[in-house]
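Hi,

Here is the model I promised to pass on.

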Amino acid sequence: QLVHVYAQKPPGPAPKLNQHTHRKDNRTTTQARHTPTVGTKYHSIIPDSQTTSIKIQEVKKQSCVTNSPRSSSDCCRVLKQDHRIMLMNIRLSSCLRFLGLFWVSLLLLFNSLSRGMYLSYITGIAPGELFHNYADYSDPNTEDYVVIVSIMKGEGRYVDEWVRHHQSIGVDKIIIYDDTPKGEPGAALPVVQPYVDQGFVEIHDATRWDGKEAFLGSNIKVKAVARGDVMTQFFFDKQQKMQIDEWHRFKAELNSNRHIWIGNVDIDEFYNPKQNKTLKQILKQARLNHARSVKVGKLEFGPNGHEMEPKQGQVRTNYLLREHTADKATGFALVSAITGMGSRCVHVYVTNSIILDAIRGSHECNNWYGEEFGGQVKYGVYYSPADELGLNHYQTKSVDECLKREARPKPDGHVVSRHCLDPKYNLCDDTILKYLSKEEYDGDRDVCTTSQGQILEASESVRKRLIEEGREHKYRTDLNLCGGSINTKGSCFVAE
């Protein structure tokens, strides 16, 4: 952008107009042309936003030359200073425009790589509602379709019970990502093949993402390494990558005939509807109360006095002692209302703007605040009370298995303490036994009422003995995990 100023002498009189008349097709037009005079100011390609600055400079110039008693050198100095200020303003506005375009382009690039999640996660505008046909949330007659996504590793012996349980409570589809290395025991497919043939269960390979993370949840693989708090937000581990993939998949299947709820749980986690309500009834009621997602507290169950894995019975019958209150949460979300997922916030889909959540302090990640908000809908999230819907988390099972699992890294590479011999597991809970068929369990379904004292006494006796024997630290020492490559934080165990 150039400004050419010709000021050889003060401006003369107003420019003359030469009138030229042309006749064409009996029509008369008049053209007016300026005759240049000395002192007239010309500029080329000056944006409209800068016209005011140029006019002000012209007025100052004329005033300085014709009316001011100051010397001509002072006037030149004033004009040069004004000219520099004008050029600085032009450069500043150009720089700001460039920075604006740069950040907008970067945002659009990130949004494209994340398949629309980056922008929706920031703005809170759900792509399922914006670009897809979805059912009316307030319609009580529309079907609620429930999908569960899970990842497992070497837990094949527990999969059958887990699948049967969730089928019995009304889940419509189960998708399992099997992280068991090829050739090792514990794969899921041989166990659940009948359910795969029915179309109720899908099995996918998760080992292809071993040691990798997904940039922005895309298919761009990067090595899983330790990152700072800021950079971590751009990378998702294999488990979250698969959860994001399933969200996009079912988002494409949205229609006006059904609501699709999607939830993420592990093979050691069992949903437990209570109060004679089915899972779908709880989700539908939450939807009709203007909730777009449902949070459920995870209730951890302990070893129940089993030092070694019981040879008989099932997970739900062998482990009845749990902690009193939940600390972590999982849940379900309407696919059409999901806006994204926070990095390292495994199991939880977001249905709000992350910026608004941060401002109002409602970004909870996997934390559970149901004790405070139980039964309420807060910012579109329904907090299901523990006596309505819970999640039984059998993360320890027997003490022996618990200590072995402590030594095995999670999908993100970290080794986590599982509180194997923690005294907090002292509340008996048998509410899930009602979902077992008579073929599965023909015993007392009210065992916590009849035998709670004996169960607690036997469990505490085993716990104290194992602590005295030093069993709690046996596998930590024997496997020598400190500083190993599987632990990116440089310490053996990270408390959950």
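A word on terms before the strands: I call two strands paired if DSSP finds at least two bridges between them. Helices (H or I, at least four residues) and strands (E, at least two) are DSSP runs, numbered from the N terminus. Keep in mind that this is a predicted model, so local features need pLDDT of at least 70 and side-chain atom pairs count only at pLDDT 80 or more, while totals for chains, interfaces and linings use all residues. Residues are numbered from 1 along each chain as its sequence is written, and side-chain values use heavy atoms, with hydrogens and water left out.

The overall picture

The protein chain has 15 helices and 21 strands. Of its 496 residues, 45% are buried, where buried means under 20% relative accessible area, exposed over 50%, and partly exposed in between (1.4 Å probe, protein chains only). Taking contact as heavy atoms within 4.5 Å, 73% of the contacts between residues at least 6 apart in sequence join residues at least 24 apart.

Three strands make an open sheet, in the order β9-β8-β10, with antiparallel pairing. The edges are β9 (221-223) and β10 (235-236), each with a single partner strand, so one side of each has no neighbour in the sheet. Strand β8 (residues 212-215) pairs with β10 in the antiparallel sense over 2 bridges, and A214 has F236 in β10 as its bridge partner.

The crossover and its helix neighbour

Strand β6 (residues 173-178) and strand β7 (residues 201-205) run parallel and are joined by 5 bridges. One of the residue pairs here is D178 with D205 in β7. From β6 the chain passes through helix α6 (residues 189-198) to reach β7, and this β-α-β crossover is right-handed; that is, with the strands pointing away from the viewer, the path from the first strand over the helix to the second runs clockwise.

Which helix does α6 meet, and at what angle? Its axis and that of helix α5 (residues 156-168) come within 8 Å and cross at roughly 35°. The axes are lines fitted to C-alpha atoms, for helices over the stretch in contact, and angles run from 0 to 180 degrees between N-to-C directions. On the α5 side the contact uses G156, V159, D160, V163, R164 and Q167, which meet V191, V192, Y195 and Q198 in α6. By class that contact has 5 nonpolar, 3 polar and 2 charged residues, with Ala, Val, Leu, Ile, Met, Phe, Trp, Tyr, Cys and Pro counted as nonpolar, Asp, Glu, Lys and Arg as charged, and the others, Gly among them, as polar.

In strand β18 (residues 389-393), 5 of its 5 residues are buried. Side chains in a regular strand alternate between the two faces of the sheet. In β18 both faces are covered: L389, L391 and H393 are buried on one side, G390 and N392 on the other.

β18 pairs with strand β12 (residues 269-273) in the antiparallel sense over 5 bridges, while strand β13 (residues 293-300) runs parallel to β18 and is joined to it by 3 bridges. L391 turns up in both pairings: Y271 has L391 as its bridge partner, and K298 stands opposite L391 too.

Helix α9 and L283

In helix α9 (residues 279-288), the buried residues are L279, I282, L283, A286 and R287. Seen down the axis of α9, they fall within an arc of 135°, so they line one face of the helix; the arc is that of the directions from the helix axis to the C-beta atoms. After α9 comes H290, with a positive phi near 75°.

L283 counts as buried because its relative accessibility is 0%. Leaving aside residues up to four places away in sequence, L283 touches V146, W261, V294 and F332. The C-alpha atoms of L283 and V294 are separated by 7.3 Å, with the two residues 11 apart along the chain.

Two positive phi values in loops

Q275, in the loop between β12 and α9, is not a glycine but has a positive phi near 55°. At 43% relative accessibility, Q275 counts as partly exposed. N304 is another non-glycine residue with positive phi, near 60°, and sits in the loop between β13 and α10 (315-318). Is N304 buried or exposed? At 12% relative accessibility, N304 counts as buried.

Cheers
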